[in-house]
Each structure stands twice: as C-alpha cells, then as structure tokens.
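I opened this notebook to record what I looked up, step by step. The entries follow the order of my reading.

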Amino acid sequence: MAGTTDSVTPVGADWQGWQASWDRQQEWYMPDREERFRVVLDAVEALVGPEPRVLDLACGTGSISARLLRRFPGARTTGVDLDPALLAIARGTFADDPRAQFVTADLAKPDWTARLPHGAYDAVLTSTALHWLFSDQLATLYGQIAGVVREGGIFVNADHMPDPATPGINEAVRNWSKVRQDRERAEGVLDWADWWRVVAADPVLGGPAAERFVIFGDPNDPNEGHADGDVQAPAWHAETLRAAGFAEARTVWASARDAAVLALR
C-alpha cells in the first residue's frame, strides 16, 4: 500500500524559530513534554532498534520526527496530519532532510492509510494529538494503526489520559497547573489561541492558517475551535489496543494528568 507525499512548502520563514515558538506554547500546557518524548524514543530503541521506519501520527510541526532523527540518524519518518499551517512548518523545517516526508490526511476518514508512502512501519508514534477523537473513533483508528505496524513493531500514544479513580488528585493537579500557567502567562508565554493569532498575522503562514481555520475553526472565536473528544484512562487504551490486534499493551509512563501507552504488534 503506497501513496504520495505533498511537497508544496511556503518559503521565507524562520522555521527553527517557529519550532521553538511551538515548543514553548506546548510546554505551557505540558511542562513534562520532553520527558514523554524521551520515554517514547526509549521504547523505539528497546523494541525496534536505532534505525526504524516511523510513522509520526498527527505530527503537527514534526516534534517527534525532529527528536527521532536527532537521536537516531539512521531513522526514517513519515509525518501525517491535516493542519495546513503546522504541516507548512514541518515541511519547511525538514525541506533539506531526505529522511523525513510529510503527508496530508484526515485520520477520521477511513482511507487515510492509502496516502502513506509505505505499507508497514516499525513504529507508529503520536503525542498529545488523538484526544480530540471520541472513543468509538479512536477504537477504529487503533485498528487501522494495527494494520500499518509490522509484526513485532510498536505503537506508542502519549496523551491526556486522566484516571477517574483519583478525583482528589486530579483536582489538585488542575488547580496547581492553573497557578503555574497564570504565572507564565504574566511572563509573556503564549497560550494556544494567542499562538494562532501570531501565526495568522505572519506573511508566510497566514494563508495556511486561514485554511486551517476553515477546517478546525478559529481558536480565537469562542463559538469555534478544536473540540476535545472524551478522554479515557490508560487501562482503556491498553485494552482497546489489544482488542484491535496488538499482542501486548501497557502504560510505560505517566504523570498526574497524562500517560504513554505502548503496544506491541
């Protein structure tokens, strides 16, 4: 099963600057973001080795791909996403790196795998990207992912996975996070809506951002935006992955709000 990758990339932007800006905005929500990336890549090295073919699922600006290729120079990565602006940053960043390629596809559509340039991958990795799907959609996606992971390959999903059995802990962490975020906002850190306002005003990314707002809605419009699905606890993800065709699945990392579930095909 093979598809074609998209190659149109805006020019004239400071791609590394945009990557740093994206990372800082994301860290405002997840101060442990780099730790989860390290755990994900540890799983790659432990189970499929240092020269994997990787599918960076819902890749955004290519955050996982960047860390993967820096740690494993012999790796190859395919990033897939639907967001025109984030993909523009990814394509610009990796324009001179033949190890990375990017595909536009909607993971909510049943034929998204037909867009991929390879029929099978050693690892499929995703971070903080699938929580916008509802549980039935995610269960379907897990089955599709099982179809593109080779036997002996892995899938890792690091995302929002709160534990409903600990409401007191969950509330305390939410309250603490709000205090931290308020402090950092006062220091000038951009949140999601503010970051997109800057992107929309950029002469290079303004066009892709406008396309993005048509697809997902404008984050600065209170009646629009990127709605979340119904998040589930890590145990649900592990059970659903096993039901989708993975031989094993378990939590390999957790914070008070998020977790990474690793599945072996």
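Are Phe155 and Phe246 buried or exposed? I looked up both residues in this predicted model and found that Phe155 and Phe246 are each buried.

Entry on the rings. I counted 10 aromatic pairs. I began with Trp22 and Trp195, whose ring centres are 5.0 Å apart with 65° between the planes, an edge-to-face pair. I noted that Trp22 belongs to helix α1 and Trp195 to helix α7, 173 residues apart. Both of these tryptophans, Trp22 and Trp195, are buried.

I then returned to Phe155 and Phe246: their ring centres are 6.3 Å apart and their planes stand at 35°, so I recorded the pair as tilted. Phe155 is in strand β5, while Phe246 is in the loop between α9 and β6, so the pair ties together parts that are 91 residues apart in sequence.

I also found a cluster linked by ring pairs, with Trp18, Trp22, Trp192, Trp195, Trp196 and Phe213 as its members. Over the ring of Trp196 sits the charged end of Arg212, 4.4 Å from the ring centre.

Entry on the sheet. I traced an open sheet of seven strands with mixed pairing, in the order β3-β2-β1-β4-β5-β7-β6. I marked β3 and β6 as the edge strands, each pairing on one side only. I looked up β1 and β4, which pair in the parallel sense over three bridges; Leu55 has Val124 in β4 as its bridge partner.

Entry on the helices. I found that helix α3 packs on the sheet and touches β1, β2, β3 and β4. Helix α5 lies across β1, β4 and β5, running at about 145° to β5.

How values were computed
Residues are numbered from 1 along each chain as its sequence is written. This is a predicted model: local features need pLDDT of at least 70, side-chain atom pairs count only at pLDDT 80 or more; totals for chains, interfaces and linings use all residues. Side-chain values use heavy atoms; hydrogens and water are left out. Two strands pair if DSSP finds at least two bridges between them. Helices (H or I, at least four residues) and strands (E, at least two) are DSSP runs, numbered from the N terminus. Contact means heavy atoms within 4.5 Å. Axes are lines fitted to C-alpha atoms, for helices over the stretch in contact, and angles run from 0 to 180 degrees between N-to-C directions. Rings of Phe, Tyr and Trp (its six-membered ring) pair if their centres lie within 6.5 Å; planes under 30 degrees apart count as stacked, over 60 as edge-to-face and the rest as tilted. Buried means under 20% relative accessible area, exposed over 50%, partly exposed in between (1.4 Å probe, protein chains only). A charge sits over a ring if NZ of Lys or CZ of Arg is within 6 Å of the ring centre and within 35 degrees of the ring normal.
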